[in-house]
Amino acid sequence: MVALIALVGAGKAVFYDTLDPDCFLHLLAAEQMSAEGIGPLVDHHSFSSVRTPWTPYSWLAELGMKLVWDRGGYCAAVAAHALLAGGIVLLIAAACRERARDSGRPGALATVLSTAFAAYLALAYLSFRPATAALGLLALCAWLLIRDRRLGEKSRAVWLIIPITLLLVNVHLYAILVPAWLAALLGGAIWERYFERDVMQRKEMTRRAARYGLLTVGCGLACLGTPMLGGSVRSILFYQFSDPMVAGPVVAEYQAFYHGAAGLISLALVGGLATCVFLRRRELRAGEILWLLLAFVLLLRMGRFAPIFAMVAAPILTVALPRLSDRVLARPALCAIVGAIVALGGWRICVSFPRTNQPLDAFLNRNGPETPGYPCAAAAFVDRAIKPSSGRIINEYSWGGYLAWRLRGRYQVFVDGNTAIFPAELWRVGYLGTVDERSRTLAQSGADAAILPVGRSQFREPLERLGWTCRYRDERAMVMVPPAVPIARTE
């Protein structure tokens, strides 16, 4: 059953997902670092960005992404996404199993249900980007911590968390969560010691608290082990307190986790978890409750933190669920059926995996115009039919990374997902402002063309007011040009 859930995560990468918009920005950053060296970079891909250095805090993951792409193209990227998604599910299941063993319950069915709970919350946010690699390392840390607690907080393997954190801080800003997790467990250990009256038990609890203190300090120091330290701190502060796009309504993963129809299901699941935890609170340790509360605060901040909440909450849910019999999982008929489904699903993934002779454009838009995709044909039209004058194009936020990568060396984009490199006023006025404000901003751009979605667009009406007209249109995107821009003859 756990293998089947993991297979769903891997299959989602192959059958449904397209490459993340930020994937292309990370590849561009890796290309620039390969040419200029590892360190702060000055953006050359957008004409609206500031010309001061920005910090590629995920530098190690970005170079790893470039290595994967250079070796196997987008097919290797899809494979990496599928393996990471399946691996994260398996690590969460392993943590659930450890927690069930620690409680003395059989726990197989509870492990399956908790893993499915976590997968539902997490899979929507996994893609080929540094954050997913970071989530894999965090899931590994969570498993080591829960395993250590099952072994009486005496496991030597738990000290691997310190070098993992050192690796993680060069992959993503999520690294700061490891010492935060340990601080929560340390607080729980201190709480348990304070209320313990048995002298021998107090001595043991002192040892446990001291051990968590050493791990917290060690992982805290490991978070300093990055050449991008100063810029990473500034990035954390910017994203949390100053980024208009994080606070705005545009980016889905920055919205509340209960946003939309799928979000209502997530809300019901989290509500069910809270009910189970309250009813079984006496079976949980203080550190677990503090750990869960920390993860819940992050979840309330934005939906992007749902996978982090899931990997913390799932092991706790395993013991908070009502006692369930595992006999249903041992039935030979069910085992045979699930085994056959796993085998069939694995075969379907293998035969449906993209082939190296399939163009990237065909893969990106393989599921039709009603699903997320990219303006591949529109970008090709601009590339061959419009002669660059200013070398600038207007684009939507979510397409900036792809267009910067697809048209690099020929055109610069207006905006992209690297929000920290743009003036805050540009987002507030030029993107999130009124139609008149956006018109005034675009009038100063001097762009050669605009690539916009055929559906909802921030820029179509402002450009129409400026006299721009549509010169190309397909089922996904349209190309608008200012007055008197010549269009080359195309086949």
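Ala-450 stands opposite Met-480 in S4, within a pairing in which strand S2 (residues 449-453) and strand S4 (residues 477-481) run in the antiparallel sense over four bridges. Two strands are taken to pair if DSSP finds at least two bridges between them, and the elements themselves are DSSP runs numbered from the N terminus, a helix being a run of H or I of at least four residues and a strand a run of E of at least two. The model is a predicted one, in which local features need pLDDT of at least 70 and side-chain atom pairs count only at pLDDT 80 or more, while totals for chains, interfaces and linings use all residues. Residues are numbered from 1 along each chain as its sequence is written, and side-chain values use heavy atoms, with hydrogens and water left out.

**The sheet**

S4 also pairs with S3, again in the antiparallel sense and over four bridges, and here Arg-473 stands opposite Met-478 in S4. A hairpin through three residues joins S3 to S4. Taken as a whole, the open sheet has four strands in the order S1-S2-S4-S3, with mixed pairing. Strand S1 (393-395) and strand S3 (469-473) are its edge strands, each pairing on one side only, and from one strand to the next the twist averages 25 degrees.

**Two packed helices**

Helix H2 (residues 21-36) packs against helix H3 (residues 59-103) at an angle of about 95 degrees, and their axes are 8 Å apart. Axes are lines fitted to C-alpha atoms, for helices over the stretch in contact, and angles run from 0 to 180 degrees between N-to-C directions. H2 and H3 are therefore roughly perpendicular to each other, a term that covers angles of 65 to 115 degrees. In this contact (heavy atoms within 4.5 Å), residues of H2 including Cys-23, Phe-24 and Met-33 meet residues of H3, among them Trp-59, Leu-63 and Trp-69. The residues of the contact divide into ten nonpolar, two polar and three charged, where Ala, Val, Leu, Ile, Met, Phe, Trp, Tyr, Cys and Pro count as nonpolar, Asp, Glu, Lys and Arg as charged, and the others, Gly among them, as polar.

**Cavities and a pocket**

A search of the whole structure finds three cavities of 30 Å³ or more. On a 1 Å grid over the protein atoms alone, a cavity is a set of points where a 1.4 Å probe fits but cannot get out, whereas a pocket is an open set with protein on both sides within 12 Å along at least five of seven lines, and lining residues have an atom within 4 Å of a point. Grid points are joined across faces, edges and corners, and a volume is the space filled by probe spheres set on the points.

| Space | Volume | Lining by class |
|---|---|---|
| Largest cavity | About 80 Å³ | four nonpolar, no polar, six charged |
| Second largest cavity | About 40 Å³ | five nonpolar, two polar, one charged |
| Second largest pocket | About 960 Å³ | 24 nonpolar, 13 polar, seven charged |

Among the residues that line the largest cavity are Arg-99, Asp-102, Glu-288 and Trp-291, and H5 gives the most to this lining, with three residues. The lining of the second largest cavity includes Ala-13, Asp-17, His-81 and Phe-363. The second largest pocket is lined by 44 residues, of which Tyr-57, Leu-173, Ser-235, Tyr-239 and Asn-418 lie nearest its centre; H2, H5 and helix H9 (229-241) are the elements that give two or more residues to this lining, and H9 gives the most, with seven.

Note on methods
Angles under 35 degrees count as roughly parallel, over 145 as roughly antiparallel, 65 to 115 as roughly perpendicular and the rest as oblique.
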